[in-house]
Amino acid sequence: MKLKLSLITLFALCVLGTAFAQTSNTAAQERRVVELINIERAKQNLLPLTWHDTLASIARAHSEDMLRGNFVSGTGSDGSSNAERIRRSGITNMTWWNIFTSGNSNTPEQMVAAYMNSETHRNIILRRGLSHIGVGIVHRPSGSNASRAIYWTVKFVDMLPATTFSNNINVQAAIYRPQTTIRSISQSQRTEIKNYTYTLANDKRTTIFYTMPQTVNNETKVLFAMRPESLNDRSDAEGTINTMRYLSETENIIVIVPEFERGTFPAAEYQRLNISGNIENPERWMPREIDNMYLDFCRRFNIQAGKYILFGQSAGAQFTHRATMLSQSSLMDYSIAANTGTITFPDEQTDYILGIRDLLPLYRNLINQNFARRMYILIGNQDNDPNHWALASSVGAARQGNNRYERMLNFYQASKDYCERYNLPFNWKLIIMDGVGHGTAGTRAYVIDIVKGIYDRNSVN
């Protein structure tokens, strides 16, 4: 029996079944779901999930709410989100995702089998960091003519100890005011934007946008600009190349922007580097593809640049800071990560993507070595909106700070503290951009100062 599965962004799993016979033994069914899920986790040498009464109560209440309203959604009839319902219960020290499924399923066995046949749901069930589970099953009274007979809600969470970072930040970093002055280039047509199609190692294709200086010489640098997120279904690669082409026009820099379209490259593959589910296979991680793109570009256009600079803003900075921490590349010269709010901290108590606990057994040496890479962490002191549409709002992300400004300051301080604790070289620089909010355009003068060496000559930290 097939189920049609679709992804929604929360950390609970709400399921609708339509052909389940009425039974009074729902408690046994709920426990059977947990048992079956733990069997699947044991096959992968993962720890079993622990039943949590409060989570089960929350799950059952939401199933009852959906039954009364004859709907299936992560949003309650009162407009509450999954996060709000969990917080109401008094639980605050957890991280979760949310997945919904709908279709016909008669037994817990069929339902769990459907989960395991979906790559998305399977990856969540087999997630290393999970610790607790709650299941709520509610039956519609017999004799009802409604088509929806049974409502299932299954909640998975990580309630293991996790670091909470202070909102009273004490990072010592002076505001930096760039020497470069940026003129308006919005109407400039002197630098032509070109593109070609590139095939990745996994046979997926993407568009590569690029601009070149009029003359390419031995002093020409290459900069990869990783695009931010957008409000529509396409990526913002074209907007990024339009914003960044001034570097080719005035600064003798080749700018390369891989599109990584959202439909083909979801957040797990782009912002999160395709690491989840591939922890033991670093050749599948996205930084390897950037190296491959760079080598291919140099061959195509006979470029002798040696190494590249990696830049990202917002979602692009998610990619950039994680690539700096986890890349094995010898081709990346240094990186610039600006204004991101979903960050991988060097937190040894939290799993990836918000921490590094599950990465440490295999990659502690790599992570430790990469603190010696050069990374410039840019954050605007006006990027402080706690309700920005693209700001991650999970409990785990909120522990890192109330907004991007707080989170990036905490990220820098936590990274510095980690290096001091383990006596590691620390070569990351924090740059506070005065009056800058959330947007690529505000970073342009700072990028030029970094690339031209102006910042390093006048650095205060």
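Strands here are DSSP runs of E with at least two residues, and helices are DSSP runs of H or I with at least four residues, both numbered from the N terminus. With that in hand, select Gln 313, which lies in strand β12. The model is predicted, so local features need pLDDT of at least 70 and side-chain atom pairs count only at pLDDT 80 or more, while totals for chains, interfaces and linings use all residues. Residues are numbered from 1 along each chain as its sequence is written, and side-chain values use heavy atoms, with hydrogens and water left out.

Gln 313 counts as buried because its relative accessibility is 3%, where buried means under 20% relative accessible area, exposed over 50% and partly exposed in between, with a 1.4 Å probe and protein chains only. Show its surroundings next: apart from neighbours within four places in sequence, Gln 313 is in contact (heavy atoms within 4.5 Å) with Met 226, Pro 228, Ala 338, Asn 339, His 438, Gly 439, Thr 440 and Thr 443.

Now bring up the whole sheet around β12, an open sheet of 9 strands in the order β7-β15-β14-β13-β12-β10-β11-β9-β8, with mixed pairing; two strands pair if DSSP finds at least two bridges between them. Its edge strands, each pairing on one side only, are β7 (175-176) and β8 (194-199).

Thr 197 stands opposite Thr 207 in β9. These two strands form a hairpin with 5 residues between them, and Asp 203 in the turn has a positive phi of about 75°.

Elsewhere in the sheet, select β13 (residues 332-338) and β14 (residues 375-380), which pair in the parallel sense over 4 bridges. Ala 338 has Leu 378 of β14 as its bridge partner. Helix α12 (residues 404-421) packs on the sheet here, touching β13, β14 and β15 (428-433), and its direction makes about 150° with that of β14; such angles run from 0 to 180 degrees between N-to-C directions, with axes as lines fitted to C-alpha atoms, for helices over the stretch in contact.

Which residues touch the most other members of the largest nonpolar core? Of its 59 residues, they are Phe 224, Phe 260, Tyr 308, Phe 319 and Leu 359, and α12 supplies the largest share of this core, 7 residues. A nonpolar core is a set of buried Ala, Val, Leu, Ile, Met, Phe, Trp, Tyr and Cys residues joined through side-chain atoms within 4.5 Å. Centre on Leu 359, whose contacts beyond four places in sequence are Ile 275, Ile 279, Leu 326, Tyr 352, Arg 364 and Ile 367. A second, separate core of 29 residues includes Ala 225, Leu 247, Val 255 and Ile 431.

Gly 134 has Lys 155 in β6 as its bridge partner. In a regular strand the side chains alternate between the two faces of the sheet. Colour β6 by face: Ile 150, Trp 152, Val 154 and Phe 156 on one side, and Tyr 151, Thr 153, Lys 155 and Val 157 on the other, are all buried.

Finish at helices α1 (residues 26-43) and α4 (residues 108-116), which pack at an angle of about 35° with their axes 9 Å apart. Gln 29, Arg 32, Val 33, Leu 36, Ile 37 and Glu 40 of α1 make the contact with Pro 108, Glu 109, Val 112 and Met 116 of α4.
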